[in-house]
Amino acid sequence: MSKSKHKKSSQRWLDEHHHDHYVAKSKAQGFRSRAAYKLIELQEKDKLFKPGMIIVDLGAAPGGWSQILTDFVGEKGRVFALDILPMDPLPGVEFIQGDFTEDEPYEALLHLTEGQKINWIISDMAPNMSGNRTTDQATSMHLVELALDFADNTLPKGGGFLAKVFQGAGFDSFVQTVKDRFTKVVIRKPDASRDRSREVYVIGFNKK
């Protein structure tokens, strides 16, 4: 991508961001990010989370999802979160800062959640976009495959999996893999997702 095109693309994102209804709403309501509304929509539609649940939030920073999850699971629930970026503390959330593609943070999260009966693994992870669609798609698919691998290693039978996935190369085969592991799979695009975004949310219910 040329510098001029990249500059125009960046400016378009900034313009959208500053005028985004959900950005303004999140600031007014005290949410850490507009992503909170995506999870609220998914919860309203599919009733994913209940009080007392234990949830792992991958790609958590700045904490929009974790913040909402603590309300969903209540005082008896627990939220474990991880991100490569720092995240300000949240009551009821245990956070690990690290790169999920590296062994040490992955193993640290495994250790932290050891012995816990996890109900959901959720992932809002996305790579830093380079502007090369092919490269970005491959990187994003690698992240979501790691999230599913973590679910394979930690979710008990009956657990759930929710992940942001970008439509493109590898999408269909990934969805099929999720269908192989869960008894019910749905794909959602919340209203809070930007129209031009290729992101959707793949939800696997009831791990086999």
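Start with the sheet: seven strands make up an open sheet with mixed pairing, in the order S3-S2-S1-S4-S5-S7-S6. Strands here are DSSP runs of E with at least two residues, helices are runs of H or I with at least four, and both are numbered from the N terminus. Two strands pair if DSSP finds at least two bridges between them. The model is predicted: local features need pLDDT of at least 70, side-chain atom pairs count only at pLDDT 80 or more, and totals for chains, interfaces and linings use all residues. Residues are numbered from 1 along each chain as its sequence is written, and side-chain values use heavy atoms, with hydrogens and water left out.

Axes are lines fitted to C-alpha atoms, for helices over the stretch in contact, and angles run from 0 to 180 degrees between N-to-C directions.

Pick Lys 184: its bridge partner in S7 is Phe 205.

Now show residues 35-46. This is helix H3, which packs on the sheet and touches S5 (160-166), S6 and S7; contact means heavy atoms within 4.5 Å. The direction of H3 makes about 45 degrees with that of S7.

Move to helix H6, residues 133-154. H6 lies across S1 (54-58), S4 (120-123), S5, S6 and S7, and runs at about 175 degrees to S5.

The axes of H5 and H6 come within 12 Å and cross at roughly 30 degrees. The two helices are therefore roughly parallel to each other (angles under 35 degrees count as such). To see the contact, display Tyr 106, Leu 109, Leu 110 and Thr 113 of H5 with Leu 146, Asp 149, Phe 150, Asn 153 and Thr 154 of H6.

Finally, select the whole protein. There are seven helices and seven strands, following the pattern α-α-α-β-α-β-β-α-β-α-β-α-β-β along the sequence. Of the 208 residues, 48% count as buried, meaning under 20% relative accessible area with a 1.4 Å probe, protein chains only. Among contacts with a separation of 6 or more, 63% join residues 24 or more positions apart.

Methods: Buried means under 20% relative accessible area, exposed over 50%, partly exposed in between (1.4 Å probe, protein chains only). Angles under 35 degrees count as roughly parallel, over 145 as roughly antiparallel, 65 to 115 as roughly perpendicular and the rest as oblique.
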